[in-house]
Amino acid sequence: MSDEKHGEGAEPEGDFEERLRELLAEDAYTVRPAPAPYPTIRRQGVTERRQRAALAGAVVLALAAVPVGAYAVSGGGASGSPAAPKPSVRVSRDTPGPMPSATASATPELPAPPATAGQLLDGITFGQASDGLTKCLAYDRANKPKHTDGSPVSPSADLGRPSAYRIILAMRSTGDSNAPGDGMYVVAVREKPQQTRLICTIRDGEAQGLNAGGGDFDGAAPVAPDINSGKLYQQSFLDKGHWKLPFRWGVVGGVRPSVAKLTVSYGDGVAEATLDHGWFVATGQLHQQVTKAPRLKGYDAGGKLVYDSDQDRTYEKTLP
């Protein structure tokens, strides 16, 4: 019976099972995915890591380039916005300091100061007197006669630079009918190239007039009052008898070494002159109308009278 059921050509049962197992094994191998390409994956990973490292390095360099303080927050700002970057400064110990500029302004030329502080009156400082002298010299150069090409007609008459002078007097000036407006007088002298005396008038901060003369030491008189110093001790003859009072007055001139003391009487006051390198300077305050010029008296070291302006025939003893 059993031989009829299987029939001819039928596989035995044990062989069938064995064959089935072989087929299943072949199918399992067929559907299993191929192994991953490890070398390719490794190369890709290495490449990606290098790219990430390069990017991180660029970010670090960019942050290092930002100056210190670039992210400082302003404490006073209401909006809290970051303050403007402050460039950092690196100082090298070996780096020399900045060289001085070749175009730096030169030190102004200054005259020599007077022998005593008492020759600068009425609150006028030495700096103000020096500035007034500088302006007067510039005023003189600007107003000298010139040729058509602008050159001076008489170059030898140039009064020179401020540094060639010594200021011997600075005091306030009182305006009158002939020259309105108060201001100041500056008197300066120089010895070389020739002896020169300047009386400069300053009003409203500008030079308004200049009188230049030379010393008068050729005569035998031990005292030589400056013939132009009358502008320092009198007001205009247009106002005769009606001067503005009190009035600051001054007298200047030359003096010989033999004179040890010089007094000046004017109105109801007497002043002792200052002797300054061969020049004398006397000042005072006038409180009354006058008709007579100041009277000068010079004495030697022993107290002997050696000069009296009342005895000097060249001296104008009365006012115009």
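Visitor: Which side chain meets aspartate 226 in a salt bridge?

Guide: This is a predicted model, in which local features need pLDDT of at least 70, side-chain atom pairs count only at pLDDT 80 or more, and totals for chains, interfaces and linings use all residues. Residues are numbered from 1 along each chain as its sequence is written, and side-chain values use heavy atoms, with hydrogens and water left out. A salt bridge here is a side-chain nitrogen of Lys or Arg within 4 Å of a carboxyl oxygen of Asp or Glu. At 2.4 Å, N to O, the partner of aspartate 226 is arginine 197.

Visitor: Where do aspartate 226 and arginine 197 lie, and how many residues apart are they?

Guide: Helices (H or I, at least four residues) and strands (E, at least two) are DSSP runs, numbered from the N terminus. Aspartate 226 is in the loop between strand 5 (223–225) and helix 5 (230–233), and arginine 197 is in strand 3 (residues 196–203). The pair links distant parts of the chain, and the separation is 29 residues.

Visitor: Is arginine 197 buried or exposed?

Guide: Buried means under 20% relative accessible area, exposed over 50%, and partly exposed in between (1.4 Å probe, protein chains only). Aspartate 226, at 12%, counts as buried. Arginine 197 has a relative accessible area of 1%, so the class is buried.

Visitor: What is the distance between the closest N and O atoms of glutamate 109 and arginine 161?

Guide: Glutamate 109 is partly exposed at 38% relative accessible area, and arginine 161 is partly exposed at 43%. These two residues form a salt bridge, and their closest N and O atoms are apart by 3.5 Å.

Visitor: Which residue does a cis peptide bond join to leucine 245?

Guide: Most residues other than glycine have a negative phi, and most peptide bonds are trans. The bond from lysine 192 to proline 193 is cis, with omega near 0°. At leucine 245 the cis bond has an omega of about -5°, and the residue joined is proline 246.

Visitor: What is the relative accessible area of aspartate 204?

Guide: Aspartate 204 lies in the loop between strand 3 and strand 4 (206–213). This residue has a positive phi of about 55° although it is not a glycine. Aspartate 204 is exposed, with a relative accessible area of 76%.
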